[in-house]
Amino acid sequence: MDLLIPDYGLLFWQLIVFSIVLTILAVFVWKPVTEALRTRESMIEDSIKSAELAREEMMQIKADNEMVLKEARVQRDQLLKDATVVANKIKEDAKSETAKISEKMISDAKSIIESEKNAALSEVKNLVSSLSLDIAEKLIREKLNNDPSQQQLVEKFLKEVKVN
Amino acid sequence: MSGEKRNMTENGAFKIYKGLIIYGLICLFSMVTLQQAYASDAGDAQSFNPGDMINHHIKDAHGWEITHGVVVPLPVILYSESDGLVIFSSANFFNEAHQEVPYLGYLLSHEHISRADGQSVFDFSITKNVLFIFIDAAIMLLVFFAVARGYKKNVGKAPKGVQSLFEPVIIYIRDEVVKPSIGEKYQTYLPYMLTLFFFIWFGNLLGLIPGAANMTGNIAVTAVLALGTFFMTNFSGKKAYWSHIFWTPGVPWWLRPIILPVELIGVFTKPVSLMVRLFVSITAGHIVVLSLVSLTFIFHSWMVGFGSTVIVTLITIIELLVATIQAYVFTMFTSLYIGMAVEEHH
C-alpha cells in the first residue's frame, strides 16, 4: 500500500529538479531549436515555392516565346504576301508604262513618217512642177510644130509624175 | 539477439544494433550477478522471498544497491525543529554486518527515518529515486544542449549527429502530438511538452537498466508530472471549458446539476489517471521482469534460469516499447486536456 502514498521528499525533489530542467531547456534549448526548425521549414517551403514560381515563369516565357514566334511567322507571311502584291503591281505598272511608251513611240514614229512623207510629197510636187516647167520650157523652146509628138511627151511626163 | 543482422551496411543502423547488443549483454550479465548473489544467499539456508526482493527493488531507498551487497551510500538530509538541518551519509545507518543501526538519534526502519525521541522529522534525503531524477535531468541537459549546439552550428542545413537522432522525435511531438491536440496556441505549451516527454522517456529507459531505480514507476514522481498537467489545464481554461464543466451545454437543464459533480470529479480524475497509468505500467514492467528472474531461485534450476533469461530479454524489449509508449501517452493526454481547456466556443 505504501507504494501508492507519494513520499513528500521525493515530491519536493522531483518538483525542484523538473522545474529547473524545464526552465533551462525551455530557455536554452527548446526556444532556439524550435526557432531553427521553423526557419528551416519556412526556408524549405520558400525555396519550393520559388522553384514553383520559377517553373511557372519559365512556362510563361516559353509560352511567350512561342507566341512571339507565331506572331513573327504570321508577320512574315503577311510581309511575303504584301511583297508579292507590290511586286505584281510594279510588274503590272511597268508593263502598262512600257506599253504606253511603246505606243507613244509608235505614234511618234507614225507622225514623223507622215510628216516625212508629206515633206517628200511636197518635194516631189515641187520637183514635178519644176520638171513640168522645164518640160514646158523645153517644149516651148523646141518649136511647137510637132504637135502630136509633143502632146505625147506631155502626157508621158504627167504619167511619170502621178506615179510618184 | 540480432547477430544475424550484423551485415547491415548502413553505419547508423549498425551503431543502433551494436547499442542494443551491448544493452542486452548488460541485462544478461547483471541477471547473472543477481542470480549468483541470491544463489549464495540460498546456500546460507536463508529462504528466498521474491516478494521482498521485488518490493525492495521497486521502492525507494536511502542507499543505491546496484547489486546484492554493493550499496552506494547516498546523502541523508533531515530537518527537525530541535536539530535543524542535518546531513550525513546513509552508510551510517548500517554496521559491518549490514544491519540497521540508529545514528545521531535517528532510526532507519524499512526506509523510513524517525527520531528516537519520537519528535517529528522531515526527510529530504537524496534517495535512490532522487539520484535518478538528477541523473535523468543531467542526461537531458547533456543531450539537448548538444542538440541545441547542432542547430547553432548547422543553421539552415541538414541535422547531424545527436541532433539528427532527436530531431524526428522533437518534430513528431510537435506535429503529431502537441499541434493537433492544442491547436493554434501550441507554441506556448511546446517546451513543457517536450521536457515532459523526454523526462519520462529517459526516466523509463534509465529504469530498464538493471540495478537502476524504478524512478518513473514511483507515484511521487508521476504525481508531480500529473500536477503539472492539472495546473496547466485549469490555468489555461477558457470560458468554454468552465462553462462545459459548470453548465454543460447541449443537455436538458434538469440534467445539468447531475452532470456538474461528474464534470468536477473529471477535472481531478484526468491528472490522477495520468499519474496512476505511468506509475502502474512502469512498476508492473519491473515486477514482471523481477518475478521471472525470481523463478530461477524458486525452482533452484539453471534450466529455468535459462528459460527465464530468454523470456526476460523478450520482456525487456517490450519494456523498451512500453517506455516510449508511456512517455507518448502522458504527453498526448496532457496535450489533449490542455487542448480541451484552451478551445474557444465552437
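Keep in mind that the model is predicted. Chain B holds nine helices and seven strands, and 45% of its 346 residues count as buried. If you look at contacts in chain B with a separation of 6 or more, 65% of them join residues 24 or more positions apart.

**How α3(B) meets α5(B)**

- Start with helix α3 (residues 128–153) and helix α5 (residues 186–208), both of chain B: their axes come within 10 Å and cross at roughly 120 degrees.
- On the α3(B) side, the contact is made by B:Phe132, B:Ile133, B:Ile135, B:Asp136, B:Ile139, B:Met140, B:Val143 and B:Phe144.
- Facing them from α5(B) are B:Thr195, B:Phe198, B:Phe199, B:Phe202, B:Gly203 and B:Leu206.
- Sorted by class, the residues of this α3(B)–α5(B) contact come out as eleven nonpolar, two polar and one charged.

**How α1(A) meets α6(B)**

- Here the two chains come together: α1(A) and α6(B) pack at an angle of about 45 degrees, and their axes are 8 Å apart.
- α1(A) and α6(B) are therefore oblique to each other too, and α1(A) passes α6(B) in a right-handed crossing.
- Chain A brings A:Leu10, A:Leu11, A:Gln14, A:Leu15 and A:Phe18 of α1(A) to the contact.
- Chain B answers with B:Ala220, B:Val221, B:Ala223, B:Val224 and B:Leu225 of α6(B).
- By class, this contact of α1(A) with α6(B) has nine nonpolar residues, one polar and no charged ones.

**The nonpolar cores**

- The largest nonpolar core has 67 residues, and the members that touch the most others are B:Phe144, B:Phe166, B:Ile170 and B:Phe198.
- This core draws on both chains: α1 (8–141) of chain A supplies at least two residues, and so does each of α3, α4 (162–182), α5, α6 (219–235), α8 (256–299) and α9 (302–342) of chain B.
- The top contributor to this core is α5(B), with 14 residues.
- Take B:Ile170 for a look inside: leaving out residues up to four places away in sequence, B:Ile170 touches A:Trp30, A:Val33, A:Leu37, B:Val147, B:Leu194 and B:Phe198.
- There's also a second, separate core of nine residues, with B:Leu78, B:Leu108, B:Ile113 and B:Val121 among them.

**Residues in the helices of chain B**

- B:Thr222 lies in helix α6 of chain B, and B:Thr222 is buried because its relative accessible area is 0%, under the 20% cut-off.
- Setting aside residues up to four places away in sequence, B:Thr222 touches B:Thr216, B:Met275, B:Leu278, B:Phe279 and B:Phe330.
- B:Tyr186 is found in helix α5 of chain B and is also buried, with a relative accessible area of 10%.
- Not counting residues up to four places away in sequence, B:Tyr186 touches B:Arg174, B:Val178 and B:Lys179.
- B:Tyr186 and B:Pro271 sit 85 residues apart along the chain, and 20 Å separates their C-alpha atoms.
- B:Asp175 lies in helix α4 of chain B and, at 26% relative accessibility, counts as partly exposed.

- Most residues other than glycine have a negative phi.
- B:Leu104 is not a glycine, yet has a positive phi of about 50 degrees.
- This leucine, B:Leu104, lies in the loop between β4 (84–89) and β5 (106–109) of chain B and is exposed, with a relative accessible area of 53%.
- B:His300 likewise has a positive phi of about 50 degrees without being a glycine.
- You'll find B:His300 in the loop between α8 and α9 of chain B, where B:His300 is exposed at a relative accessible area of 61%.

How values were computed: Residues numbered from 1 in each chain as written. Chains lettered and ligands numbered in written order. Predicted model: local features only at pLDDT ≥ 70, side-chain atom pairs only at ≥ 80, totals over all residues. Heavy atoms only, no water. Axes fitted to C-alpha atoms, helices over the stretch in contact; angles between N-to-C directions. Helix = DSSP H or I, 4+ residues; strand = E, 2+ residues; numbered from the N terminus. Contact = heavy atoms within 4.5 Å. Nonpolar A, V, L, I, M, F, W, Y, C, P; charged D, E, K, R; others polar. Core = buried A, V, L, I, M, F, W, Y, C linked by side-chain atoms within 4.5 Å. Buried < 20%, exposed > 50% of the residue type's maximum accessible area, 1.4 Å probe, protein only. Parallel < 35°, antiparallel > 145°, perpendicular 65-115°, else oblique. Left-handed = near helix turned anticlockwise from the far one by under 90°.
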